[in-house]
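Here's a quick briefing to read with the model open beside you.

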Amino acid sequence: MSVNAAAARLGKALSGAVHVQEPMARHTTYRIGGPAALFCALEGVHEVVSALRILAEEGVRWTIVGKGSNLLVADTGYDGAVLVLGREFRRHVIEGDLLRAGAASVVAHLVQDAFARGLSGMSWAVGIPGTLGGALTMNAGTREGSVGAVVDSVTLYSPEQGLMLVRGSDVAWEYRRSGLAGRGIILEAALRVSVGDPVRVRSSMERLLKERKTSQPLGSPSAGSVFMNPEGGSAGRLIDEAGLKGARRGGALVSPVHANFIMNDGGATAADVMDLMRTIQTTVKAKTGVDLRPEIRFLGDFEGS
Ligand SMILES: Cc1cc2nc3c(=O)[nH]c(=O)nc-3n(C[C@H](O)[C@H](O)[C@H](O)COP(=O)(O)OP(=O)(O)OC[C@H]3O[C@@H](n4cnc5c(N)ncnc54)[C@H](O)[C@@H]3O)c2cc1C
């Protein structure tokens, strides 16, 4: 593996800067994470294709991230390349009842536009941070629904398959999981929207945002809900009933507002968050028999933490 050779070649092939040993704490909502060996933004499909070819030829592994709002990156970082999609993938247009958006589009901006135009179909997204690519990978949503329900099609690229157009109806959409994960880089998607009654659409979106503000701790860095809800139950309630609200490891704190949020209360490390997650899992299992499964994604090596 030659990170230096890859950095030099990527520097020539890409229009943006290639960062070496880039702290991932700068690219996650947790504000936690050691360095990525390489970090670069890709503009346009041609840069996606070139970057993946160069990385394969130099034997450097890679991953793609959005806004890092569902990510815990190890304190030791990631020894490969972290890729993000650049400005060209942030555009969106509304054509009839389809909202076509690049995968780097910020979901909140899509919601804002739907709000301004009185379009229904986006209430699943109200208050969810991150990009469309991240939302599609996670099948992000709320109790109002999830993105999978409104996907018409998704365009992906993988070195093995090239460009692929996948119908939303051909993807397995599960709770906080989608069959798109691991299939390549999501480049864009078309979502079904429809012109609704603007007053109803807007007041429902405002209500959802208000509810979120009162039920979730939005002041300190976090990655949202850490664990998936067990079938028919609530991870937050189980953690609360296990007496773990306010539990702390170093700078990581189980939110006193919403027990399924672990906050970075100042200077938390990935090891602190991981330690608290393990304590929660062991305690909840011992008290209720329920295995809590992480909703957040991990990047890097957590063996020693
Ligand atoms: C305060 C807060 C509240 C939240 N509330 C919710 C909520 O209500 N509902 C909910 O579902 N989530 C919620 N989340 C979690 C998170 O915002 C979502 O999972 C979001 O969709 C992740 O988007 P992202 O761009 O940040 O993805 P990242 O965290 O950067 O990545 C998540 C996954 O997507 C993959 N990925 C990202 N972009 C691409 C791409 N272009 N191609 C292929 N793979 C890609 C990454 O490799 C990774 O596996 C919350 C998070 C926070 C911080």
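This is a predicted model: local features need pLDDT of at least 70, side-chain atom pairs count only at pLDDT 80 or more; totals for chains, interfaces and linings use all residues.

**Ligand shell**

The shell around the ligand splits into 14 nonpolar, 15 polar and 2 charged residues. Residues are numbered from 1 along each chain as its sequence is written.

- In total, 31 residues surround the ligand, and the closest are G66, G130, G133, G134 and G224; a residue is near the ligand if its C-beta atom, placed from the backbone, lies within 6 Å of it.
- Four elements each supply at least two shell residues: β3 (62-64), α4 (132-138), β9 (141-142) and β15 (185-192).
- Helix α4 gives the largest share of the shell, with 5 residues.

**Overall build**

- The protein chain has 7 helices and 20 strands, where helices (H or I, at least four residues) and strands (E, at least two) are DSSP runs numbered from the N terminus.
- A compact globule of 305 residues would have a radius of gyration near 19 Å, and the 20 Å of this protein chain agrees with that. The radius is taken over C-alpha atoms, and the globule rule is 2.2 Å times the number of residues to the power 0.38.
- Along the principal axes, the C-alpha atoms fill a box of roughly 55 × 55 × 30 Å.
- Of the 305 residues, 44% count as buried; that takes 20 or more other C-beta atoms within 10 Å of a residue's own, while 12 or fewer make it exposed and anything in between partly exposed, with C-beta atoms placed from the backbone.
- Among contacts between residues at least 6 apart in sequence, 67% join residues at least 24 apart. Contact here means C-beta atoms, placed from the backbone, within 7 Å.

**Core**

- The largest nonpolar core has 92 residues, and C40, A51, A81, A189, I262 and V273 touch the most other members. Such a core is a set of buried Ala, Val, Leu, Ile, Met, Phe, Trp, Tyr and Cys residues joined through C-beta atoms within 7 Å.
- Once neighbours within four places in sequence are left aside, V273 is in contact with I32, L72, A252, I262 and A268.

**Strands around β15**

- What does β15 look like in terms of burial? This strand is mostly covered, with 7 of its 8 residues buried.
- Strand β7 (residues 98-102) runs antiparallel to β15, and 5 bridges join them; two strands pair if DSSP finds at least two bridges between them.
- Within that pairing, R100 has A190 of β15 as its bridge partner.
- Strand β11 (residues 151-158) also pairs with β15 in the antiparallel sense, over 6 bridges, and L156 is bridged to I186 of β15.
- β11 pairs with strand β12 (residues 162-167) too, again antiparallel and over 6 bridges.
- A hairpin of 3 residues joins β11 to β12, and S158 has G162 of β12 as its bridge partner.

**The three-strand sheet**

- An open sheet of 3 strands runs in the order β17-β18-β19, with antiparallel pairing.
- β17 (248-249) and β19 (262-264) are at the edges with a single partner strand each, so one side of each has no neighbour in the sheet.
- Strand β18 (residues 252-254) pairs with β19 over 3 bridges in the antiparallel sense, and V254 is bridged to I262 of β19.

**Residues to click on**

- R31 sits in the loop between β1 (18-23) and β2 (35-42). With 18 other C-beta atoms within 10 Å, R31 is partly exposed.
- Not counting residues up to four places away in sequence, R31 touches A25, P221 and N264.
- R31 and G148 are 117 residues apart in sequence and 28 Å apart in space, C-alpha to C-alpha.
- E58 lies in the loop between α2 (44-57) and β3, and is partly exposed with 19 other C-beta atoms within 10 Å.
- E58 and S2 are 56 residues apart in sequence but 5.5 Å apart in space, C-alpha to C-alpha.

Methods. Two residues are in contact if their C-beta atoms, placed from the backbone, lie within 7 Å. Ala, Val, Leu, Ile, Met, Phe, Trp, Tyr, Cys and Pro count as nonpolar, Asp, Glu, Lys and Arg as charged, and the others, Gly among them, as polar.
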